[in-house]
Amino acid sequence: MLQFLKPGLGTAIFGLRLLVAFAAPPLVLAVFAHEAHPPAEQAATSDESAFLVENEAAMNKMMTAMEAKPSGDIDRDFVAMMAPHHQGAIDMAVLELRYGKNEQLRRIAQEIIVSQMQEISAMKLAIGEHIPAALPAPTQTSQAPATHHHMNMSAGMKK
């Protein structure tokens with residue numbers, strides 16, 4: 001049994017193949033992961049540094065929240081993964097409003113916030129989850145509920 005594992009060149013090549021097959025992919029993925037999310041110290045300005053740090057936190061929060069355990073109900077699993085995905089888009093859009101300067105992108109970010117909040121609510125309603133009567137927009141600074149989902153841009157969000 002396992003006669004092919006006799007010491008020698010064949011065993012060394014087999015071991016090298018195992019090493020490449022199991023060790024190389026995580027290393028390659030780690031390299032690409034750092035390229036996809038550059039560290040904040042590479043930022044050109046303090047605003048960019050803050051943006052990168054907060055954006056990475058939002059991405060990590062989203063990825064963690066999307067790791068929902070299967071429930072046995074495909075529709076609930078879809079919502080369990082898609083709602084955090086939409087929330088991640090909202091969080092990133094808030095960062096665009098906070099740090100971005102391009103007015104067209106800032107308007108798109110506002111639209112993303114409104115549309116993604118509506119879609120999260122619609123998905124939760126579709127599976128019978130209760131949603132609060134009025135959710136405050138993530139750009140509101142007070143804890144008071146929004147009356148009509150209008151965005152209340154705080155002074156920190158305006159450029």
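In describing how two helices pack, axes are lines fitted to C-alpha atoms, for helices over the stretch in contact, and angles run from 0 to 180 degrees between N-to-C directions. The structure discussed here is a predicted model, in which local features need pLDDT of at least 70 and side-chain atom pairs count only at pLDDT 80 or more, whereas totals for chains, interfaces and linings use all residues. Residues are numbered from 1 along each chain as its sequence is written, and side-chain values use heavy atoms, with hydrogens and water left out.

**Overall fold**

The protein contains four helices and zero strands, and along the sequence these follow the pattern α-α-α-α; helices (H or I, at least four residues) and strands (E, at least two) are DSSP runs, numbered from the N terminus. Of its 159 residues, 25% count as buried, where buried means under 20% relative accessible area, exposed over 50%, and partly exposed in between (1.4 Å probe, protein chains only).

**Helices α3 and α4**

Helices α3 and α4 pack at an angle of about 160°, with their axes 8 Å apart. That makes α3 roughly antiparallel to α4, since angles under 35 degrees count as roughly parallel, over 145 as roughly antiparallel, 65 to 115 as roughly perpendicular and the rest as oblique. The residues of their contact divide into 16 nonpolar, four polar and five charged; here Ala, Val, Leu, Ile, Met, Phe, Trp, Tyr, Cys and Pro count as nonpolar, Asp, Glu, Lys and Arg as charged, and the others, Gly among them, as polar.

The largest nonpolar core consists of nine residues, namely A83, I90, A93, V94, L97, A109, I113, M117 and I120. Such a core is a set of buried Ala, Val, Leu, Ile, Met, Phe, Trp, Tyr and Cys residues joined through side-chain atoms within 4.5 Å. Both α3 and α4 (103-126) supply at least two residues of this core, and the largest share, five residues, comes from α3.

**The aromatic pair**

A search of the whole structure finds one aromatic pair. The rings of F51 and Y99 have their centres 6.2 Å apart and their planes at 75°, so the pair is edge-to-face (rings of Phe, Tyr and Trp, the last by its six-membered ring, pair if their centres lie within 6.5 Å; planes under 30 degrees apart count as stacked, over 60 as edge-to-face and the rest as tilted). This pair links distant parts of the chain, with F51 in helix α2 (residues 46-65) and Y99 in helix α3 (residues 74-99), 48 residues apart.

| Residue | Relative accessibility | Class |
|---|---|---|
| F51 | 25% | partly exposed |
| M63 | 46% | partly exposed |
| Y99 | 16% | buried |
| R107 | 47% | partly exposed |

The C-alpha atoms of M63 and H85, 22 residues apart along the chain, are separated by 7.8 Å, while those of R107 and E96, eleven residues apart along the chain, are separated by 9.7 Å.
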